[in-house]
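Take a look at the model below.

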Amino acid sequence: MPTPGMDGYVEPWRKPEHDDLAELARAFFTKEVLPHAERLEQQGHPDREHYRRAGELGLLGLSIPEEYGGGGGDFTHEAVLLHEQTLAGEGSLGIAVHSGIVTGYINEYGSEEQKQRWLPGLVSGELIGAIAITEPDGGSDVQAIRTKAIRDGDDYVVNGSKTFITNGILADLLVLAVKTDTSARAHGISLLICELTGDPEGFRRGRKIEKIGLHSNDTAELFFDDFRVPAANLLGTEGSGFIQMMQQLPQERLVIGVGAVAAMQRAVEMATAYAKERTAFGKPLLGHQNTRMVLADVATRTRVSRTFLDDCIQRHARGELDVATAAMAKLYLTEGQCEVVDRCLQIFGGYGYTTEYPISKMYADARVQKIYGGTNEIMKELISRVL
Ligand SMILES: Cc1cc2nc3c(=O)[nH]c(=O)nc-3n(C[C@H](O)[C@H](O)[C@H](O)COP(=O)(O)OP(=O)(O)OC[C@H]3O[C@@H](n4cnc5c(N)ncnc54)[C@H](O)[C@@H]3O)c2cc1C
């Protein structure tokens, strides 16, 4: 059933193959992962087995070329998958980072040998990917990172720490932002691929960070103490890390936007259904004018957001999504998500504040969308630069 207010709307890029993918993804999330939701929330991280199963079904690395085991598709396929995950209410698997970000870095900047070495494992779900940029001293000022990697023979010796790393507890493969030239800012940054299986010497995972939402997805601190990474694991050339991140961040922001719109759609669906069945003062909530006005507002916001998102997805598929437009998407869509989910929660009254109703979880999960991937204040800074 379409989201109320979106009857007849079809994403302009959508083809029958996207419908098949959506069906497969929906069945996987709802039948295979969601039945474990409560346990996963308590455990604080997803099951490895679910990554493997997603890989087996062909749901990981949808935009990675087939020669590395991927789906051979493009960003539209990743967008369908992430949309279905959020729409289903599944939040344990860090696919947005694993497939939406990490595989992209390796595919874009990796040498042929690096791609053959790591992409098949990421696509099959044998390897879980993460990306570590943020440090305890600050995340917004990426150029000021302090984790350093000093060349020693055929290795880099890494010292420093990272925090708030999504998939950090389970990650086997890490895209790590380091300073290879500590005297430089942007030009001193490089990306190293770290193999973390078995927690090698010099590497330590810190505590699992307790959050107000996203309880079933792991977020961790990572520590590097004379941790040796083969120089062959450098992604691209020394000093090109900042440019690589700037090139990849628009996709990361779009990934966040996809989740934002899916959450808006889900909230509108749930609130509309509730407003039809719950009665107050002898009639359904929908019979009260204010409820109708609120639902009309959120449905409009959601549909407008969807069309802007689709425009960005099309631009990205053509390789034309610029930094400012991606920042606008991240800003507008995540502000919209928080507002829409908040207003939908209100329609549930007291039940909206109980954990029994999923809208409360959506409210807590939404908040971080305005923070990670570059805060919304930084998005405004980026947008202002093209004005
Ligand atoms: C659940 C979660 C998952 C995350 N996953 C990852 C991950 O996988 N990998 C990763 O590397 N990071 C990750 N992050 C980190 C996230 O990207 C950072 O938290 C974010 O970039 C902000 O950095 P900070 O927390 O250090 O805040 P700060 O940089 O300390 O900012 C604090 C406040 O100051 C504002 N501010 C800073 N500079 C300016 C400015 N110039 N103008 C105006 N306002 C400014 C910010 O907008 C913010 O409101 C995650 C965070 C969370 C909470």
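An oxygen atom of the ligand sits 2.7 Å from an N or O atom in the side chain of Glu377. This is a predicted model. Ile131 takes part through its backbone instead. A polar backbone atom of Ile131 is 2.9 Å from a nitrogen atom of the ligand. On its own, the ligand has 980 Å² of accessible area, and the protein covers 65% of that.

Now widen the view to the shell. The ligand is surrounded by 18 residues. Thr375 and Glu377 are among the closest, together with Thr134, Gly139 and Ser140. By type, the shell holds 9 nonpolar, 7 polar and 2 charged residues.

Which elements give two or more residues to this shell? They are strand E1 (129-132), strand E3 (155-166) and helix H11 (376-384). The largest share comes from E3, with 3 residues.

Step back to the whole chain. It is divided into domain 1 (16-127), domain 2 (130-238) and domain 3 (242-385). Where does the ligand lie relative to these domains? Domain 2 and domain 3 both give residues to the shell, so the ligand lies between them.

Domain 3 has another partner to consider. Taken over C-alpha atoms, the centres of domain 1 and domain 3 are separated by 22 Å. Their contact draws 17 residues from domain 1 and 19 residues from domain 3. The size of an interface is often given as the accessible area lost when the parts come together. For domain 1 and domain 3, the area buried between them is about 1700 Å². Carbon and sulfur atoms account for 66% of it.

Note on methods. Residues numbered from 1 in each chain as written. Predicted model: local features only at pLDDT ≥ 70, side-chain atom pairs only at ≥ 80, totals over all residues. Heavy atoms only, no water. Near = heavy atom within 4 Å. Polar contact = N/O pair within 3.5 Å; in protein donor to acceptor, adjacent residues only side chain to side chain. Areas by Shrake-Rupley, 256 points an atom, 1.4 Å probe, with all protein chains shown as cover. Helix = DSSP H or I, 4+ residues; strand = E, 2+ residues; numbered from the N terminus. Nonpolar A, V, L, I, M, F, W, Y, C, P; charged D, E, K, R; others polar. Domains from an automatic or database assignment. Contact = heavy atoms within 4.5 Å. Buried area = accessible area lost by both parts, 1.4 Å probe.
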